[in-house]
Amino acid sequence: MLTLTCTSLSGGQGKTTTSIFLGKMLAEEGHRILMVDADPQSSLTFYLGHEVQSNQPTLLEVLKKQVKVEDGIYEVGNNLWLIPSDDALDNAQDFLSGSGMGAVVLGKRLKEVSKLFEFCIIDAPPQRSQICLTTVGAADKVLIPVEASSKGLNSLIRTLDLVRELQDMDAFSGSVLGVLPFRDRWTGRTQANQSKNSIAAMKEIAHGIPILPSILESEQYKKAIDQGKTLLQLGHPQLEYPFIQIVDQLRTK
Ligand SMILES: Nc1ncnc2c1ncn2[C@@H]1O[C@H](COP(=O)(O)OP(=O)(O)O)[C@@H](O)[C@H]1O
Ligand SMILES: [Mg+2]
C-alpha cells in the first residue's frame, strides 16, 4: 500500500477536492483504495456519502486503538473504502500528544491493513495539530495543494516547515510529490495576474519541489463531486489533467 497525504495548513486549499478526485480515479482504474478522513470537519466523509452512526467506530477509535483497524473501514463505492470521521475526532488530540511520538500513530495503525489496499489517501486537517502531524507521519508521499493567492503562499510556507520538522525528528521518511496550485484563474487565454504571481512565488518557496499542473478555477469540480459524476461525464475532460498527472506518478511508484 502506498500512502499519500493531501496536506496544506489552511482551509480552502483543495485538500478534500484533490483527495476525492484521486481516490475515485484510482478506484475506477481497478485499484483498491482506502480513503482516510482526518479532518474533524469531515467533509470527505460527507462527500463520499457516508453517515457516521453513533455506535460505529471512526478514525478516532482507530487512532486510540479501541477497535481493530478493519472495524473502522466502510465500503463507500466500487474499490473504494473509507475510515470516516466526525467532529469527535478532535478528542484524538490529547491522546496523540500524550502518547510520546504521536506523529507515528496513524502510520502504525495503517500498516495493519496495508495488504488489503493498493493506495491509501489521507485528507489532512487545516490546522497544525497532532492529527495533522500524524497524517504526514503516515505518508510515503505528501501532496500540497495550495490556492493561487497570498493565503495559499502562507499555507505553503507553513506546510513545508512542518514537513521539515517531521523529517528532522525522523517522523516522516517519505517525500513530497509536489505542490498543486489550486484555483488558478484564467480568462480565455489570459492568466490572472494574481494566479501568475502566486505560482511564480510557489516555485521560489518550494526550492526544487515540483510545482504540478494546476487545478483551474472552475465550478465544475464542485459540480462533479456534488453529482457524483466525473469531469469527463460533465463534458470537461481537460479539467482532469492535473489529477491524471498525479495518478500516473503514483502508479509508477
Ligand atoms: N477548481 C475549483 N475552483 C473553484 N472552487 C473550487 C474548485 N474546486 C473546489 N472548489 C471549492 O473550493 C472550496 C475549498 O476546497 P476544499 O477541497 O474543500 O479545500 P480544503 O479541503 O483544503 O479545505 C470548496 O468549497 C470547493 O467546493
Ligand atoms: Mg477539507
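One word to learn before we start: a residue counts as buried when its relative accessible area is under 20%, as exposed when that value is over 50%, and as partly exposed in between. Also keep in mind that you are looking at a predicted model.

**Stop 1: helix 6**

Select residues 130–137, which make up helix 6. Which residues of this helix are buried? They are Ile 131, Cys 132, Leu 133, Thr 134, Thr 135, Val 136 and Gly 137. That is seven of the eight residues, so helix 6 is largely enclosed by the rest of the structure.

**Stop 2: the ligand and its pocket**

Now click on ligand 1. You'll find that ligand 1 sits in the largest pocket. There are 15 residues around ligand 1, and the ones that come nearest are Gly 12, Lys 15, Thr 16, Thr 17 and Leu 216.

Next, show helix 1 (15–28), strand 7 (175–184), strand 10 (215–216) and helix 9 (220–227). Each of these four supplies at least two residues of the shell around ligand 1. Which element gives the most? That would be helix 1, with three residues.

**Stop 3**

- Gly 14: a polar backbone atom here is 3.0 Å from an oxygen atom of ligand 1.
- Leu 216: this time a nitrogen atom of ligand 1 is involved, 2.8 Å from a polar backbone atom of the residue.

How much of the ligand does the protein cover? On its own, ligand 1 has 560 Å² of accessible area, and the protein covers 82% of that.

**Stop 4: along helix 1**

Go back to helix 1 and pick Ser 19, which has its place in that helix. Is Ser 19 buried or exposed? It counts as buried, because its relative accessibility is 0%. Now show its side chain and draw a distance to Lys 15: the side chain of Ser 19 reaches the backbone oxygen of Lys 15 at 2.7 Å. Here's a handy bit of background for that view: an α-helix has 3.6 residues a turn, so residues three or four places apart point the same way.

**Stop 5**

Time for some backbone angles. Most residues other than glycine have a negative phi. With that in mind, select Ser 42, in the loop between strand 2 (33–37) and helix 2 (43–47). Ser 42 is not a glycine, yet it has a positive phi of about 50°. It counts as buried, because its relative accessibility is 15%, under the 20% cut-off.

Then jump to Asp 170, in the loop between helix 7 (150–168) and strand 7. Asp 170 also has a positive phi, near 60°, in a residue other than glycine. Its relative accessible area is 67%, so Asp 170 is exposed.

**Stop 6**

Select helix 10, residues 241–251, and find Arg 251 in it. Leu 250 lies in helix 10 too. How does each one count? Arg 251 is partly exposed, with a relative accessible area of 36%, whereas Leu 250 is buried, at 1%.

Use the distance tool from C-alpha to C-alpha for both. Arg 251 and Asn 91 are 160 residues apart in sequence and 35 Å apart in space. Leu 250 and Gly 102 are 148 residues apart in sequence and 27 Å apart in space.

**Last stop: Lys 65**

Finish in the loop between helix 3 (59–63) and strand 3 (74–77), where Lys 65 is found. Lys 65 is exposed, with a relative accessible area of 58%.

Note on methods:
Residues numbered from 1 in each chain as written. Chains lettered and ligands numbered in written order. Predicted model: local features only at pLDDT ≥ 70, side-chain atom pairs only at ≥ 80, totals over all residues. Heavy atoms only, no water. Near = heavy atom within 4 Å. Polar contact = N/O pair within 3.5 Å; in protein donor to acceptor, adjacent residues only side chain to side chain. Areas by Shrake-Rupley, 256 points an atom, 1.4 Å probe, with all protein chains shown as cover. 1 Å grid on protein atoms, 1.4 Å probe; cavity = no way out; pocket = protein on both sides within 12 Å on 5 of 7 lines; lining within 4 Å. Sits in = over half its atoms within 2 Å of the grid points. Buried < 20%, exposed > 50% of the residue type's maximum accessible area, 1.4 Å probe, protein only.
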